[in-house]
Amino acid sequence: MRYSHAGRRGVAGVRLIGSRQAIRGSLLHCLADPGEHSEASTVEFFEDGLLLFENGLIIDAGPAASLLQRIGDTPVEDYTGKLVVPGFIDCHVHFPQLDIIAGYGEQLLDWLNRYAYPAEMRFENKDYAAEVAGVFLDELLANGTTTALVFGTVHPHSADAIFDAAQARGMRLIAGKVLMDRHCPEALRDTPASAYEDSLALIERWHGRARLGYAITPRFALTSSPEQLAAAGRLASEYPDVWMHTHLAENTEEVDEIARLFPENRSYLDVYDHYGLVRERSVFAHCLHMDDTDRQYMAAKGSAAAFCPTSNLFLGSGLFDLRAMRDANVRCGLGTDVGGGTSLSMLRTASEAYKVLHLQDQALPAFRSLYLATLGAAEALYLEDKLGNFKCGKEADFVALDPAATPLSARRLSHATTLDEELFALLMLGDDRHIAATWVGGELVVS
């Protein structure tokens, strides 16, 4: 695996921004949710396709036979035999928890105390935060993830670290510092006033810079006092174009504790709504233990749910009800939720999503899995005008998948008779070994 983060300076194998480029391979992308409309109207596939891009933006995508006649001497990178899809989008992940992935044997609240909080205390060291941020983003890119919505720690410099690292790699990334002022270790507490002031300074410093966006990030209602949630709501009102990112109804013990702490509110979601945090650009991770009233309210407000199957299974939290969410018209995208989640690979995440839904007598066909990791995730983050498929004018973030990356996948896929079967088998068997190349903003960053 080769990494290059110096593409704008013209390293070997990477064209300078401003030059028109093309790649040739099998192109596959979604135009809408294949679970709700016909495959013919929602999925576009060019077995021998050409993707043309310039200045980091897609110019055209279509059959190679016709486009090659019109592009003159434009350089063409050959990915024949590879499946080229839009860059994966992770709707919920914790970069400070990279080093505690696969921590044994706890459910959510005990897991936080045993693993997550001690790991996050180490981020008091700025150099450590910067080092982990770089490793984390390189791992995302190695797994074909080009955009993510990311939790930091309570330390403001954790947000600086992940933004610095993302900007150096040209990535589109949304992140924020965590807000916590109760029911957590003293070393990880801020205050309502410092949460507001630190977040405000980070918004002014980073939001809208390059391809970066800021997310107001209360960890969850359990660890924020009413005063701090009100401060977060004030920020959300003052900056309606920033994101709001938190956890919701992940674990039954957590839900019960929220009911005890906020007896005046109808539900866990209602707590957030009381403080002005349920709105467009609000992304709630997990959303497992909810009722139809809350789902319908989320949809009416334009909020989104991050479906985190590996984490929900690993921590024994519960099963995400995709059918109920989409029936209510809630925007949904996949999230890895590392470190509670067990892989940064969206291929592995999609595989577990299939199993979670299968346990509930729900189907997750291959094309809908691709949608949830690309266009559906872009819609959840209100980035569908910029990301998610190969439409003209969107950003040139894409991934080349190698179906023959391992002997087993090569053997299995050689027996596939349809595109649907091939993609499904690749999702079930795939991981970072199947990422042949990752392109970000029209630059090759992993090969």
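The following exercises, each with a worked solution, concern a predicted model of a protein chain.

Residues are numbered from 1 along each chain as its sequence is written. In this predicted model, local features need pLDDT of at least 70, side-chain atom pairs count only at pLDDT 80 or more, and totals for chains, interfaces and linings use all residues, while side-chain values use heavy atoms, with hydrogens and water left out.

**Exercise 1. Overall dimensions**

Task: Determine whether the radius of gyration of the protein chain agrees with that of a compact globule.

Solution. Step one is the reference value: the globule rule is 2.2 Å times the number of residues to the power 0.38, and the radius is taken over C-alpha atoms. For 447 residues, this rule gives a value near 22 Å; the protein chain has 21 Å, so the two agree. Step two is the box: along the principal axes, the C-alpha atoms fill roughly 65 × 50 × 40 Å. Step three is burial: 61% of the 447 residues are buried, where buried means under 20% relative accessible area, exposed over 50% and partly exposed in between (1.4 Å probe, protein chains only). Step four is the contact pattern, with contact defined as heavy atoms within 4.5 Å. Of the contacts with a separation of 6 or more, 76% are between residues 24 or more positions apart.

**Exercise 2. The surroundings of Thr-336**

Task: Locate Thr-336 and identify the side chain with which its own side chain makes a polar contact.

Solution. First, assign the secondary structure, in which helices (H or I, at least four residues) and strands (E, at least two) are DSSP runs numbered from the N terminus. The chain has 17 helices and 16 strands, and Thr-336 lies in the loop between strand E13 (331–334) and helix H13 (346–358). Second, examine accessibility: Thr-336 has 0% relative accessibility and therefore counts as buried. Third, search for polar contacts (a pair of N or O atoms within 3.5 Å; within protein, one must be able to donate a hydrogen and the other to accept it, and residues adjacent in sequence count only if both atoms are side-chain atoms). The partner is the side chain of Asp-90, at 2.6 Å. Beyond four places in sequence, Thr-336 also touches other residues, including His-92, Thr-310 and Ser-345.

**Exercise 3. Backbone geometry**

Solution. Begin with the expectation: most residues other than glycine have a negative phi, and most peptide bonds are trans. Finally, consider accessibility: Cys-287 is buried at 2% relative accessibility, whereas Asp-361 is exposed at 69%.
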